Amino acid sequence: MISIQNLSFAYKKKPVFNGLNLQLKAGHVYGLLGKNGTGKSSLLRNIAGLLNPQNGTISVNGFTPFERLPIFLANVFMVAEEFYLPDISIPDFIKYYSPFYPGFDTRKFTNYISVFEIPAESTLQNMSYGQKKKVLISFALAANAKVLLLDEPTNGLDIISKSQFRKILAEVVDEERCIIISTHQVKDLENLIDRVTIIDEGKILFDENIEDISKKLSFRFSYDQTDVENAYYSESSLMGNLIVGPNHDREEGKLDLELLYKAIVTNSDKITKLFQS
Amino acid sequence: MNQFFSFKRFSLLVSKHWAENRTRYCLSMLALLGLLIAWFLFHLMLCEPRRIMLDVQQISYFFPLFILGSYFANQQFRDLRSNVNGSNFLLLPASTFEKLLVILLFSVIMFFIVLTATFYLADILMVYIANTFFETNDPALKSYVVNVFTFNFLMFASDFKLNFIVLFFVVQSVFLLGAVHFKKYSFLKTFITGFVYLILFSLVFFIYRQLPGGERLDRNLKLPGWIAPLFYFVLYTIPPILWIVTYYRLKAKQV
């Protein structure tokens, strides 16, 4: 669905990607993780067609994003962290924007905004940031785009709304759709993501599915000093040492994305070897 | 569906543009109407004998046409100045050609029609008021409605005449291109760039006048027969050429 090969991109003199390769398939929810400024948003903007790579190729549904053909744009929806909504009412927003998306489902949109508890007749400019974001997310999901790019989707959402967002997003996952979520709020989306992709220094540091991660790594508390010393990552807490270590039993355990991220960033070589073996 | 132009998508874009901007456009038109009426009233109060002279009417039409027109053209691509609004503009599922066409429709055609209609609304009303309230039997002292379409400019010593309105389309196309080309301070940067080109253009004319056979005749420049039509041809082709350049700049836009 999305094929990125040898991608190089730079903002004037600041290089972001240099030879990045990544394959993203339909039917998955990808969690794109990385430090600030490592290029997560830039990658999403390259996929959406807002930026043009200096080298390499990107193919999305068989299209080159930067050509920005209407047929391509109708099937890729990006919810950016900062976004614009016009100064019109929600019914007008649907009336004037939805016809551009042939797959748009008004019934679903109405359902989503009612789940988010947004008054259907509100004017967009009178809403808070969180409410606007909920309208945009509802629109994005109702547009039925094949590729959904979400950049920090839970930023600005209250606790209840985050839970509603997870519920709605879980409903729209299907075999034909590829969802990429760039986030720092890993806890918010832990149960939704089925593949973790970590970017660091403009390269893919880690790209594995949740099933394999759970089989190969264990996330647990340990009081055993040997365990702590052999762990890929450990941090002390009031309840003992929280560690990421090899999963010798090969039984799927509970995944902690935050710990996984810390482990990979601090000990990527060892973890990469483990997954290559 | 055609990926370059579809009338359906174009109509959707027009409807969307109108829905998002109609309040601003209508208020701007009313403000302009009010300003023109106030200006003509002010002129009537000061002018002796009390009439609205044709050259005042011409200035009252062409000044807003050029100044507001340039500003309006510059504002059409204001979305591209920020990544947030620019993303919304570029990611809307319509072709670059359709998006540009909508901008041209509103900033060039609609702006020209609405400004001209607003001007004539104020002008006809004020000429009527001037002739009704300051009645005179002397035809020379009466006010007449100006015909802005016959105002010619840069009349060379040849049969070719240039309508001043053509220059509006040239200036408008320059500011549209500037709005896409420059991300920050686009209005000022376009103005400065245009000014530099104008100086260069004037310099060429100045040099020409120094050449044998290029002497001035009254207010008209005497030019070889082939230069005047060529000059006008160039002026007429500038807007479409700059629109094409704007299209390619828009197509290559990154935010």
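Analyst: In chain B, helix α5 (residues 164-181) packs against helix α7 (residues 227-251) at an angle of about 15 degrees, their axes lying 9 Å apart. Because angles under 35 degrees count as roughly parallel, α5(B) is roughly parallel to α7(B). On the α5(B) side the contact includes B:Val166, B:Phe169 and B:Leu177, and on the α7(B) side B:Tyr236, B:Pro239 and B:Trp243 are among the residues; contact means heavy atoms within 4.5 Å. Its residues divide into 16 nonpolar, three polar and one charged. Here Ala, Val, Leu, Ile, Met, Phe, Trp, Tyr, Cys and Pro count as nonpolar, Asp, Glu, Lys and Arg as charged, and the others, Gly among them, as polar.

This is a predicted model, in which local features need pLDDT of at least 70 and side-chain atom pairs count only at pLDDT 80 or more, while totals for chains, interfaces and linings use all residues. Residues are numbered from 1 along each chain as its sequence is written, chains are lettered from A in the order in which they are written, and side-chain values use heavy atoms, without hydrogens and water.

Between the chains, 27 residues of chain B and 26 residues of chain A take part in the contact. The buried area is about 2400 Å², with 62% from carbon and sulfur atoms; this is accessible area (1.4 Å probe) lost on putting two parts together, summed over both. B:Gln3, B:Leu91 and B:Pro93 lose the most area in chain B, together 26% of what that side buries. One salt bridge is counted between the chains (a side-chain nitrogen of Lys or Arg within 4 Å of a carboxyl oxygen of Asp or Glu). The side chains of B:Arg22 and A:Asp92 form a salt bridge at 3.9 Å, N to O.

Methods: Axes are lines fitted to C-alpha atoms, for helices over the stretch in contact, and angles run from 0 to 180 degrees between N-to-C directions. Helices (H or I, at least four residues) and strands (E, at least two) are DSSP runs, numbered from the N terminus. Angles under 35 degrees count as roughly parallel, over 145 as roughly antiparallel, 65 to 115 as roughly perpendicular and the rest as oblique.
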